[in-house]
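Please read these notes with the structure open beside you, and look up each residue as it is named.

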Amino acid sequence: MTVEREIFIHAFPTSLTTEVNSLLDKLDWTTTYKSTECFSINLDSEIINIPYRIYYDEPDQQKLTDTETFLLNCIFTRHYNGHVREKMLRRIVASNNYLATPFIVQLLGEYVIEILIVIKNNLTLKQLDYFIKLKNDNPKFFEITEKRVQSYWDCYYKWTIQKTDYVGFNILKDLRERTNELNAKNI
């Protein structure tokens, strides 16, 4: 087993190891560059380690099962090319699958505004609830994500976009409002 293979296997829950191995066996995974370090996520009481960036050519998905395609789309949201990340995000954002949530939230903490717009335009109550669950299980990860939203706005957009109009802050605002709404129901 190569280090890269282990990176992909550990990016998903162990219940999907068979599907991940099948996906890895069906595609060419040669690359000049190795995947970068991973970030850890508590996903339903299991720690998964998602690579921050991957450097593979975008593979043909015709030979894949639906589950393998979904897994591939999730992992390719970590691609070094922002256009590929956006395309894969579009494929998973409406999946209503909690497994997609850490891949989506990680993109929230990045600088490509077009990707943030895709997240905002596809944000549903169910997705916000998934974000809240992920946040409750991974408070440090969310704290870093919120700081990245602030930093990227400050670095790239503050001269052209008011803070109140910046899509990253609007997503975080939606998340706070949904959290408050759910807390009010539980009182």
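This is a predicted model: local features need pLDDT of at least 70, side-chain atom pairs count only at pLDDT 80 or more; totals for chains, interfaces and linings use all residues.

1. As for overall dimensions, the C-alpha trace spans about 45 × 40 × 30 Å along its principal axes. Of the 187 residues, 48% count as buried, and the accessible surface of the chain comes to about 9,800 Å², with 50% of it belonging to carbon and sulfur atoms. If you take the contacts between residues at least 6 apart in sequence, 64% of them join residues that are at least 24 apart.

2. Turning to charge, the protein chain carries 23 positive and 25 negative side chains, and the centres of these two sets lie 5 Å apart.

3. Where in the chain do Glu110 and Arg78 lie? Their side chains meet in a salt bridge, at 2.6 Å from N to O. Glu110 lies in the loop between α5 (101-108) and α6 (113-121), while Arg78 lies in the loop between α3 (66-75) and α4 (82-92), so the pair ties together parts that are 32 residues apart in sequence. Both Glu110 and Arg78 are buried, and both belong to a network of salt bridges that also links Arg53 and Arg85.

4. Lys173 forms a salt bridge with Glu177, and the closest N and O atoms of this pair are 3.6 Å apart. Because Lys173 and Glu177 are 4 residues apart in helix α9 (residues 167-185), they are separated by about one helical turn. Lys173 counts as partly exposed at 40% relative accessibility, and Glu177 likewise counts as partly exposed, at 43%.

5. Are the partners Asp154 and Lys158 buried, partly exposed or exposed? These residues form a salt bridge in which the closest N and O atoms are 2.9 Å apart. Asp154 has a relative accessibility of 33% and therefore counts as partly exposed, and Lys158, with a relative accessible area of 35%, is partly exposed as well.

Technical notes: Residues are numbered from 1 along each chain as its sequence is written. Side-chain values use heavy atoms; hydrogens and water are left out. Buried means under 20% relative accessible area, exposed over 50%, partly exposed in between (1.4 Å probe, protein chains only). Contact means heavy atoms within 4.5 Å. Accessible areas come from the Shrake-Rupley method with a 1.4 Å probe; for residues, only the protein chains shown count as cover. Lys and Arg count as positive and Asp and Glu as negative; His and the chain ends are not counted. The place of a charge is taken as NZ of Lys, CZ of Arg, CG of Asp or CD of Glu. A salt bridge is a side-chain nitrogen of Lys or Arg within 4 Å of a carboxyl oxygen of Asp or Glu. Helices (H or I, at least four residues) and strands (E, at least two) are DSSP runs, numbered from the N terminus.
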